Amino acid sequence: MEMRRLGRGGPLVPSIGLGCGFLNGGDDGVATIRAAIDAGVTLLDTADFYGHGLSESLIRLALRDGDRERVVISGKFGALRDPGGAFVGMDMSPAYAKSALAYTLHRLGTDHVDIYRPARLDPAVPIEDSVGAIAEMVQAGWVRHIGLSEVGAETIRRAHAVHPIADVQIEYSLFSRGPERSVLATCRELGIGVTAYGVLSHGLLTGSYAGGGEVGHLPRFHGDNLATNLALVERLRPLAARRNVTVAQLAIAWVLSRGPEIVALVGAGRPRRIADALTAADLELTEADLAAIEEAVPAGAVAGTRYAAPQMAMLDSER
């Protein structure tokens with residue numbers, strides 16, 4: 001698998017990383033992480049609020065002797081949840097950043113994380129303060145590199161002025177083209193990597209979405225929006241068949257084709273899905289392929305926003 005560097009001085013990682021936000025507890029979750037590592041997927045993206053720490057604990061269980069030196073663990077902090085799992089706010093303050101990392105290191109069973117990032121921009125905390133606190137933990141050896149998540153171009157510049165940023169994590173797919181407005185260009189200018197999540201648009205771009213699941217609250221899954229978006233997926237199906245791949249594999253390959261600084265995070269609940277994703281990493285799309293995909297799903301063709309209006313208003317990356 002092709003290796004790509006996150007930032008000018010950041011870690012070298014495979015073009016596909018494992019998103020660990022939806023892992024099942026127990027053997028399935030551990031087996032999925034193991035399958036990824038054994039297949040060469042050594043970038044593991046997690047957060048302390050994924051399953052109230054379950055994701056981090058599963059990574060610890062999955063790692064074998066010698067694995068820690070070859071895996072890159074990317075962690076997030078700052079999203080607050082109540083015991084029932086509902087999000088109740090955010091805290092990206094320096095004190096919370098340091099406290100959260102202490103518990104993360106304990107759950108992971110390691111003395112450092114490779115990339116650490118605030119999960120969002122906290123309107124109550126200047127990004128300089130959040131990044132400055134992580135920079136102190138870099139100096140202490142508990143963090144190797146600093147990342148950001150779902151922030152806009154101005155915030156990226158301000159953060160990068162405090163400490164070099166390795167990568168910006170942001171939703172990017174055929175159905176979510178927002179980063180093309182300014183985030184991608186800013187990252188390229190500053191030598192910052194991009195880890196793209198949501199590359200299958202929460203299941204819409206799998207080519208097999210049949211309704212249900214935990215995404216019904218998202219506007220793109222509502223009524224006429226859903227019908228419009230599934231029709232766009234059908235326009236991709238013959239293009240995928242022409243290359244003898246699935247719609248999902250075509251969609252992942254498209255994200256990877258957008259630039260050498262981009263790494264795609266793929267969520268997988270079961271080990272067999274790892275092999276499916278890796279096929280996309282080896283798929284080289286031609287100029288004709290890319291033109292046909294653009295014609296089938298032009299930028300702006302998707303119906304509905306990523307989230308409901310209150311959540312969209314909170315995203316610095318959407319301003």
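The largest cavity is lined by Ile16, Gly17, Leu18, Val41, Val266, Ala268, Arg273, Ile274 and Ala277. A cavity here is a set of points on a 1 Å grid over the protein atoms alone where a 1.4 Å probe fits but cannot get out, and lining residues have an atom within 4 Å of a point. Keep in mind that this is a predicted model, in which local features need pLDDT of at least 70, side-chain atom pairs count only at pLDDT 80 or more, and totals for chains, interfaces and linings use all residues. Residues are numbered from 1 along each chain as its sequence is written, and side-chain values use heavy atoms, with hydrogens and water left out.

By class, the lining has 7 nonpolar, 1 polar and 1 charged residues. Nonpolar covers Ala, Val, Leu, Ile, Met, Phe, Trp, Tyr, Cys and Pro, charged covers Asp, Glu, Lys and Arg, and the others, Gly among them, are polar. The model has 4 cavities of 30 Å³ or more.

Next comes the second largest cavity, with about 40 Å³ of space. Its lining is made of Leu239, Arg242, Arg243, Leu250, Ala288, Asp289, Ala292 and Ile293. Helix 7 (223–242) and helix 10 (287–296) each give two or more of these, and helix 10 gives the most, with 4 residues. Sorted by class, this lining holds 5 nonpolar, no polar and 3 charged residues.

Those two helices also pack against each other, at an angle of about 160 degrees with their axes 9 Å apart. Axes are lines fitted to C-alpha atoms, for helices over the stretch in contact, and angles run from 0 to 180 degrees between N-to-C directions. Helix 7 and helix 10 are therefore roughly antiparallel (an angle over 145 degrees). Leu232, Arg235, Leu236 and Leu239 in helix 7 meet Ala292, Ile293, Glu295 and Ala296 in helix 10, where contact means heavy atoms within 4.5 Å. That contact divides into 6 nonpolar, no polar and 2 charged residues.

Terms used. 1 Å grid on protein atoms, 1.4 Å probe; cavity = no way out; pocket = protein on both sides within 12 Å on 5 of 7 lines; lining within 4 Å. Points joined across faces, edges and corners; volume = space filled by probe spheres on them. Parallel < 35°, antiparallel > 145°, perpendicular 65-115°, else oblique.
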